[in-house]
Every structure is written in structure tokens, then in C-alpha cells.
Amino acid sequence: MSLTGLNRQQNASARHYLKQSISETAIQAALAMTAGYFDFPMVQLNVVDANFQHTIGSVGTALGTIRREDSLCDQVVREGKPQMLDDFRIIPKAACHIQSYIGVPITGREGLVIGALCLLDTVPRAFSQTQLHQLESVATVIQDQLELLRRLGAVTTGSAAEATELSRGIQLGQLTPLYQPIVDLKTGVVQSVEALARWDHPTRGMLPPSSFVPLAEDSEIIIEVDVAILAKAAVDVARWQRDIPGLRLNANLSARHFDHPDCVRRLSGAVLKAGLSPEFVTLEVTETAALAAHPADRSFLTDLRVRGFRVVLDDFGTGFSAIEQVLRLPVDGIKLDRAVTAALGSKVGDAVVRALVGLAADLRLQTVIEGVERPAQAARAIELGCTHGQGYLWAKPLNAQAMTAHLSPSRRSTS
């Protein structure tokens, strides 16, 4: 099933809540109390993803999974509001024995409806608006308990409200790229620009990635961040290519993409829509991302390269598995971490750079050294075999207007 827009986000958000068992938690006790309070024989807590309804807690029914099209809760999720049986245009055949149904939405951390709390009976039942509001209050308590379980299952970096605000900011186009040039170390000529994500917040100003990327990485929102930045940056680079044919774009790629088969198509579509060929785009994957990747990481990276993208391992040289990864993954280059750059000039630092550059040369991989701040570092990097560099020595991150000036013919001729 191909997903787009909010459907993709809803599916990803929903699946986070399938990772923890609630059988021995306060949620199950709350469901039992709900059944007693409303005097219904069946209560279900259902999570609905792209294809299935997952009953993760229940009273009077079994836990399990049914197809989404057979689910009464599908309509609650799609419409994002309470539903009773009288509201249904078509009753799924699988639920034909149900004569009473009241379902209210359950919202996940990303601010999207991920399921429903529902009451069911095999006989017709009256249900007042007051009771409906009471059931909605119960659902609020249960979704808070679900969020607590999710927090216990993984270290989180922000609240549901913050994640919702970020998601809304992406929809409103508030995320914007800044750019830093990647240059030929010997000539200083700009070969590529890396797009660096910033959030142009309406009240807090221009926010650095440290203030929102960890929050985005903690949910599936990071995929939307990556695509939004790539799409905007591709427009700028396509424009700059009119004066600088061959100029490339570097952009970051989260490990989360490995779990979404349609992301290769989305990434390609974002670039092509901007009028830029994927052949001019390099996607940077961190070593951590490579380690945490989906088991299909090789095919995913291969598919990206078939579309024309180049793929490099970012922050290279700081992880114990760096060599293993570069030998295992189909990549086009490595990017030496700034911690390696900082050690240039020391015996150990020079030895590390020399070894990594030699490995890359043997495997015919391009090498970029980042975090270069002083001419002496650039000179030493050249002596050790590095070919491309990035850092404050050439430019701090620039907005599109400033980068346009930086790339101007007069500026390039004096570089």
C-alpha cells in the first residue's frame, strides 16, 4: 500500500504504540473500569495503522488483528471524531453482529489519531451525549497512559505538544535550509553545498537543529523534516546550477527512512519536482543510522543509487564499526567527522586520517573532511590525501541569499 502525507505519518505514529504490552498495566485496569461504569460487555482499545486494526487491550473480546477495512474504528481514525453505529454509512461485514458501537479517538504523540477506545454490544443500546463526553475523558486518560508506556520504552526528547507543533511547522513551510560549501581542498572551488535544517519559528526565531532534530528523530517526523529540507534545497541548487553547472547538493538522511519502502520514491520526487536531477544529490547517512538501519539497508541504499543519488557515510571515523560498515554497505564516499579533524597535527590524529583516506582511496570512495577551521588544518589534510573539505574556513552556514552571493562569479574568482 502506497502512503502519502498525513496517512504516512499516522501509520508511523500508530506503529509506535504496538511495541509495548499493556496486559499488566493501569490501562487494562482502566478498560475493566470502563466496561463496568458504562455497563457494556465489550470494551476495546484499538490501534489502527495503514492496513490493520490491532486490539491491544480489551474486556470481553480477544486481542488480535483484523484488516482495516473490516474495522469499525477505521471511521473514527479517518474522521478524527467520535462515531456511533448510526453515523456509519456502511457497516463492515465483519462487524455485522454488533448492534451497538461507540468509538472515540485516541491521539498519539505526533498529534494524529492512531486508534480508538470503543464500547460494543450485540444488542441495541442508548448512549447519551453526556456519556459520550465521559467516554472521551476516559480516552484522554488512556492515551496519557499509552504515552507513558512509550516513554518508558525509549528515551524521549520532547512532549506530544512539541512534536505536534513541529509537525504543524513543517506543514506551514517553516523549516528552511542553510547552506555550507564543500570545496576542492587544493583550489578552494565550491563543488557542493550541504543543506542544514533550521526551523524558522514564528515566536522563537531561527532554531538550530539541536532544538528540534532530536525530537523529530524520536518520532517519524524526521522523515518529513528530511523531505522538506531536501525539497527546498533542491529548488535553490537547481537555480544556482544555471550559473554553476555541475554544482551538487548534500542533504542528511535519517535511518527512519529505511523502514518505509516508498521513501526512495518520495526522495526522488522531491528532487525531480524542483527541477534537479538525483545525479546531483548526495545523501549523507550517519554511522549510527547505518548500524540502526532496517535489515533491508543494502537494498534501500542500492535503490537510491539506481535512482542516481550518491550515498556517503557521515561522521566517519568516530564509531568502532566504521570499517565494517563501509565494507558492507553500497556507498560512494565517506565524510570524516570534525572530531577527527580536531586531532589533525597530532601523531594519532594524522595516523587515523591517513588510514581512513587510504581505505577510501583503495575502495575508490570520495573523502570529505568536515569541521576545518584553520588554514593549517586544510594544508595538513591535503598532505594526508584528503581531496574535499567543509568548515568555517570557507564559510559559516548561510541562507540562500547569502549563499547566492558567495557563489557569484566575482566571489569565486577571488576564492
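**View 1. The largest pocket of this predicted model has a volume of about 820 Å³.** Its lining is made up of 35 residues, and those lying nearest the centre of the pocket are Glu194, Leu196, Pro209, Asn252 and Asp314. By residue class, the lining of the largest pocket divides into 16 nonpolar, eight polar and 11 charged residues.

**View 2. Several helices and strands supply the lining of the largest pocket.** At least two lining residues come from each of β8 (190-201), α6 (213-217), α7 (221-240), β10 (248-252), β11 (281-286) and β12 (310-316). Strand β8 provides the largest share of this lining, with five residues.

**View 3. Six strands form an open sheet with antiparallel pairing.** The order of the strands across this sheet is β3-β2-β1-β6-β5-β4. At the edges stand β3 (64-67) and β4 (83-84), each of which has a single partner strand, so that one side of each is left without a neighbour in the sheet.

**View 4. Strand β2 pairs with β1 and with β3.** The antiparallel pairing of β1 (residues 42-48) with β2 (residues 52-59) extends over six bridges, and within it Asn46 has Thr55 of β2 as its bridge partner. Strands β2 and β3 also run antiparallel and are joined by four bridges, with Phe52 standing opposite Arg67 in β3. The hairpin of β2 and β3 has four residues between the strands, and in this hairpin Gly60 takes a positive phi near 85°.

**View 5. Helix α2 lies across strands β1, β2 and β6.** The helix, which comprises residues 26-38, runs at about 75° to β2, while β6, another of the strands that it lies across, comprises residues 113-121.

**View 6. Phe38 and Phe127 form a tilted aromatic pair.** The count of aromatic pairs in the model comes to six.

Note on methods
Residues numbered from 1 in each chain as written. Predicted model: local features only at pLDDT ≥ 70, side-chain atom pairs only at ≥ 80, totals over all residues. Heavy atoms only, no water. 1 Å grid on protein atoms, 1.4 Å probe; cavity = no way out; pocket = protein on both sides within 12 Å on 5 of 7 lines; lining within 4 Å. Points joined across faces, edges and corners; volume = space filled by probe spheres on them. Nonpolar A, V, L, I, M, F, W, Y, C, P; charged D, E, K, R; others polar. Pairing = 2+ DSSP bridges. Contact = heavy atoms within 4.5 Å. Axes fitted to C-alpha atoms, helices over the stretch in contact; angles between N-to-C directions. Phe/Tyr/Trp six-rings, centres within 6.5 Å; stacked < 30°, edge-to-face > 60°.
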